[in-house]
Amino acid sequence: MPDSQKIATLDSSLAERLPAYSKTLFDAKASKKLSFERIAEELGRGEVAVAALFYGQAQASEEDIEKLSGLLGVPKAELEGAMGGFPDRGRAGPMPPVEPLIYRLYEIVQNYGYAFKGVINEKFGDGIMSAIAFSSKVDKEVDADGVTWVNITLRGKWVTCQMAVMLYQSPNCDGGPLWVRGYYLCTGFAKGYDDEQARRLSIGMQFITKRAFG
């Protein structure tokens with residue numbers, strides 16, 4: 001079978017790191033010879049998002065579970081019981097990675113991470129690109145010379161960071177000395193606050209500090 005017609009399966013050495021339902025999904029995927037592209041079409045989601053479901057790195061909606069059940073032939077009740085909880089992300093492999101293809105992605109961040117940061121800061125200011133409000137896609141590109149290229153798109157919500165100040169009181173004595181700790185508050189993500197709540201929290205902290213220290 002040509003490589004272009006092969007489908008991704010679950011390596012046995014990786015299975016123990018993933019949720020038990022990952023094997024169920026991959027076994028059904030292999031049995032029906034379905035690619036992530038085909039499954040993504042059925043679910044109405046991106047290929048990377050669907051693959052993340054299979055590897056236990058994303059949360060499935062009720063609609064996802066229903067469609068997976070119908071497409072893969074796995075009882076809906078079985079998938080609901082297994083996939084209904086919250087993902088335990090970040091356990092799929094060691095760091096740094098040892099799998100060659102994954103290591104190349106790690107190497108890209110090692111080599112170009114600060115270059116990405118510098119360009120992003122110049123274009124957006126101080127902040128982070130979310131990996132939660134995030135999507136990604138992978139495209140195959142063949143140039144005019146017949147050379148094949150991998151085209152990966154990363155799309156994350158921009159989250160602005162601002163300096164906030166927290167006021168503390170010594171826990172060891174009543175009316176003890178006050179001290180200040182500065183930290184970055186990334187609006188929209190700190191403690192689940194939305195942008196306006198985070199802005200008010202930051203302003204409130206700064207106001208308290210001014211009152212305490214004149």
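A residue counts as buried when its relative accessible area is under 20%. The model shown in these views is predicted.

**View 1. Residue D64 in helix α5.** D64 belongs to helix α5, which covers residues 62–72. Its relative accessibility is 4%, so D64 counts as buried. Leaving aside residues up to four places away in sequence, D64 touches L43, R45, L53 and Q59.

**View 2. The buried residues of helix α5 and their surroundings.** Besides D64, the buried residues of α5 are I65, L68, S69, L71 and L72. The buried residues of this helix pack against α2 (20–31), α3 (36–43), α4 (47–54) and α6 (76–83). G73 follows α5 and has a positive phi, near 75°.

**View 3. The aromatic pair F26 and F54.** The structure holds seven aromatic pairs. In the pair F26 and F54, the ring centres are 5.4 Å apart and the planes lie at 80°, so the pair is edge-to-face. The pair links distant parts of the chain, with F26 in helix α2 and F54 in helix α4, 28 residues apart. Both F26 and F54 are buried.

**View 4. The aromatic pair Y112 and F116.** The rings of Y112 and F116 form a tilted pair, 6.4 Å centre to centre with 35° between the planes. Both residues lie in helix α7 (residues 100–124), four residues apart, about one turn of the helix. Y112 counts as partly exposed because its relative accessibility is 47%; F116, at 46%, also counts as partly exposed.

View 5. F26, F36, F54 and Y55 form one aromatic cluster. K29 lies over the face of F36, at 4.4 Å from the ring centre.

Methods:
Residues are numbered from 1 along each chain as its sequence is written. This is a predicted model: local features need pLDDT of at least 70, side-chain atom pairs count only at pLDDT 80 or more; totals for chains, interfaces and linings use all residues. Side-chain values use heavy atoms; hydrogens and water are left out. Helices (H or I, at least four residues) and strands (E, at least two) are DSSP runs, numbered from the N terminus. Buried means under 20% relative accessible area, exposed over 50%, partly exposed in between (1.4 Å probe, protein chains only). Contact means heavy atoms within 4.5 Å. Rings of Phe, Tyr and Trp (its six-membered ring) pair if their centres lie within 6.5 Å; planes under 30 degrees apart count as stacked, over 60 as edge-to-face and the rest as tilted. A charge sits over a ring if NZ of Lys or CZ of Arg is within 6 Å of the ring centre and within 35 degrees of the ring normal.
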